[in-house]
Amino acid sequence: MKISQQALDRISNIDWFVNIGKVHNISDVLTEIDAHEAALKLSEPEWEDTTLEASNRISAFLSLKYPKLFEDWNEVALEAKVFFDVKIAKSISGIPGFDDELLIQCVSWDVIHYLIEDYYKDSLRGKLFFDKLIYIYESGHLPCGWEGTWPSGSLVIY
């Protein structure tokens, strides 16, 4: 097993979506209080592009700076996907007004890429994007969009 038990435990202990639509004290985020708007933001190509760009920056950096270490990427990603599918997916209930399939796909992407990012965190520099998303999930909210052009701008949560 390549992924740290601490990272797996962190994901396993999330109480998914218990505070969506509620007031929070999370800094550096924008809050979407309307379920319909949050669902729209989650489905926008801009949000998918943002998370894809964050993943691409990690892989590009590692492939250039640490090519030998980068060789673990596919194995770590597969381990993360199996963990999500077996241990986490069934514990995530839908959110009224959201496309359940899209919701699971987005959460899966975020969790898998958090576990990859965590595996490589000692080699990365700067803020850890997917770590922030997991923090949002831990707070009971849903990261659902980005305002601005990533990496500038702000995360939107519901």
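User: What makes the radius of gyration of this predicted model agree with that of a compact globule?

Analyst: In this predicted model, the protein has a radius of gyration of 15 Å, and a compact globule with 158 residues would have one near 15 Å, so the value agrees with that of such a globule. The C-alpha atoms fill a box of roughly 45 × 35 × 25 Å along the principal axes, and 44% of the 158 residues count as buried.

User: Which elements make up the protein, and how do they run from the N terminus?

Analyst: The protein holds 7 helices and 3 strands, and from the N terminus on these run α-β-α-α-α-α-α-α-β-β.

User: Which residues gather in the patch of negative charge on the surface, and which helix gives the most to the patch?

Analyst: The patch brings together Asp34, Glu37, Glu44, Glu46, Glu48 and Asp49, and helix H3, which spans residues 45–65, gives the most, with 3 residues.

User: Why is Asp34 called partly exposed?

Analyst: Asp34, which lies in the loop between strand E1 (29–31) and helix H2 (35–43), has a relative accessibility of 35%. Buried means under 20% and exposed means over 50%, so Asp34, at 35%, counts as partly exposed.

User: Why does Glu44 count as partly exposed, and where is Glu44 found?

Analyst: Glu44 is found in the loop between H2 and H3, and because its relative accessibility is 34%, Glu44 counts as partly exposed. The C-alpha atom of Glu44 is separated by 9.8 Å from that of Trp146, although the two residues are 102 residues apart along the chain.

How values were computed. Residues are numbered from 1 along each chain as its sequence is written. This is a predicted model: local features need pLDDT of at least 70, side-chain atom pairs count only at pLDDT 80 or more; totals for chains, interfaces and linings use all residues. Side-chain values use heavy atoms; hydrogens and water are left out. Patches are made of residues with over 30% relative accessible area and no salt bridge: like charges are joined within 9 Å, nonpolar side chains (Val, Leu, Ile, Met, Phe, Trp, Tyr) within 5 Å. Accessible areas come from the Shrake-Rupley method with a 1.4 Å probe; for residues, only the protein chains shown count as cover. A salt bridge is a side-chain nitrogen of Lys or Arg within 4 Å of a carboxyl oxygen of Asp or Glu. Lys and Arg count as positive and Asp and Glu as negative; His and the chain ends are not counted. The place of a charge is taken as NZ of Lys, CZ of Arg, CG of Asp or CD of Glu. Helices (H or I, at least four residues) and strands (E, at least two) are DSSP runs, numbered from the N terminus. Buried means under 20% relative accessible area, exposed over 50%, partly exposed in between (1.4 Å probe, protein chains only). The radius of gyration is taken over C-alpha atoms; the globule rule is 2.2 Å times the number of residues to the power 0.38.
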